[in-house]
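Reader: I am new to this structure and would like to learn how to read its features one at a time. Could you take me through them slowly, giving the general idea before each case?

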Amino acid sequence: MQIIRTSPELRAAVNAYRKQGKRIAFVPTMGALHAGHLALIEFARKHADVVVSSIFVNPKQFGPNEDYQTYPRQEEADCEKLASKNVEIAYLPDAKSMFPEGFSTKISVEGIKEGLCGASRPGFFDGVALVVSKLLIQVMPDVAVFGEKDYQQLLVITQMAKDLDLPIEIKGAPIVREQDGLAMSSRNVYLNVEERQIAPTIFQTLQLIAGKLQQESVESVLNWGKEQLASKGFRVDYLELRDAAMLKPLDNLHKPARLLVAAFLGKCRLIDNIAVNPR
Ligand code: AMP
């Protein structure tokens, strides 16, 4: 595995594979890699000959009171994990080279970024769209893979790639969960022992809600779900049913939908989502 830290070296390495006629997949991450990230690498491998993965904790997507400084960083262990999955290129740029002094460009994907995580984390999706577009232009893969764990993010990036005519296929990969159903996340390390035991109820509650949505009104079922989560100790940020394609709010289940939640458990903000389809 080549470990590359600058954009010109990255371009040269990717071009060398291109000249051999190889198809390139790209998996961007913020590191602190877990089995969810590694599943994206395996997914990417099925769609390409060469896998490039990046590790970059993107300062532009953290709010002033968020965890940019304390976000888990474990470069060496991460590179070992990528190498164990036979990743050809690990790209680890630094913040100064990605966003040097004088950097002035903004990218904002209107519509899809509004509501849900966009409402509680102002600037978050602009920061994501900016770094992902920059990384995509640097790597120029044939295909880029993102997790459905961050469902709104996947749709923001899909829209951005479409609007900007990026010649890159954006693919979503399924959520990887712990055995007890908790969606894997680099931030799960923030949970204490007691919170870790409660955390899987978020997924269990989503599944119960999905069942009830087949029979009862969306509003009453979502209210029930919020009460359930609150009674377990969660502070619910949002719990919503949206249409699966554009994330427009839905007040009844008449088309493929996504049930999305964000809830705090102590200091840790957990997000999760599941597909819900009309019978
Ligand atoms: P992050 O390092 O958290 O920015 O995530 C990098 C990529 O991994 C994003 O596309 C995430 O959606 C994806 N990802 C993170 N956790 C999971 C998971 N549990 N299952 C599937 N994909 C995930």
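Predicted model: local features only at pLDDT ≥ 70, side-chain atom pairs only at ≥ 80, totals over all residues.

Reader: Which residue forms a salt bridge with glutamate 148?

Author: The general idea is that side chains of opposite charge can pair when their charged atoms come close. In this structure glutamate 148 forms a salt bridge with arginine 258, and the closest N and O atoms of the two are 3.2 Å apart. Arginine 258, at 9% relative accessibility, counts as buried.

Reader: Which parts does the pair of glutamate 148 and arginine 258 tie together?

Author: Glutamate 148 lies in the loop between β5 and α7 (151–163), whereas arginine 258 lies in strand β8 (residues 257–265), so the pair ties together parts that are 110 residues apart in sequence.

Reader: How many salt bridges does the structure hold, and what should I look at in another of them?

Author: The structure holds 16 salt bridges, and one of them links lysine 85 with glutamate 42, whose closest N and O atoms are 2.4 Å apart. Lysine 85 sits in the loop between α3 (75–84) and β4 (89–91) while glutamate 42 belongs to helix α2, so this pair ties together parts that are 43 residues apart in sequence. Lysine 85 is partly exposed, with a relative accessible area of 25%, and glutamate 42 is partly exposed as well, with a relative accessible area of 39%.

Reader: Let us turn to the ligand: which residues around the ligand come nearest?

Author: There are 17 residues around the ligand, and those that come nearest are His37, Gly147, Asp150, Val176 and Met184. By class, this shell has nine nonpolar, six polar and two charged residues. An oxygen atom of the ligand is 2.9 Å from a polar backbone atom of methionine 30, and a ligand oxygen atom is likewise 2.9 Å from a polar backbone atom of glycine 147. A nitrogen atom of the ligand lies 2.8 Å from a backbone N or O atom of methionine 184. The protein covers 92% of the 480 Å² of accessible area that the ligand has on its own.

Reader: Which element gives the most to the shell around the ligand?

Author: That element is α2, with three residues.

Reader: Finally, how many residues does the largest nonpolar core have, and which element gives the most to this core?

Author: The largest nonpolar core has 46 residues, and those with the most contacts inside it include Leu10, Val52 and Ile89. Among the elements that each supply at least two residues of this core are α1 (7–19), β3 (50–55) and β8, but α6 gives the most, with ten residues.

Definitions and conventions
Residues numbered from 1 in each chain as written. Heavy atoms only, no water. Near = heavy atom within 4 Å. Polar contact = N/O pair within 3.5 Å; in protein donor to acceptor, adjacent residues only side chain to side chain. Areas by Shrake-Rupley, 256 points an atom, 1.4 Å probe, with all protein chains shown as cover. Helix = DSSP H or I, 4+ residues; strand = E, 2+ residues; numbered from the N terminus. Nonpolar A, V, L, I, M, F, W, Y, C, P; charged D, E, K, R; others polar. Salt bridge = Lys/Arg side-chain N within 4 Å of Asp/Glu carboxyl O. Buried < 20%, exposed > 50% of the residue type's maximum accessible area, 1.4 Å probe, protein only. Core = buried A, V, L, I, M, F, W, Y, C linked by side-chain atoms within 4.5 Å.
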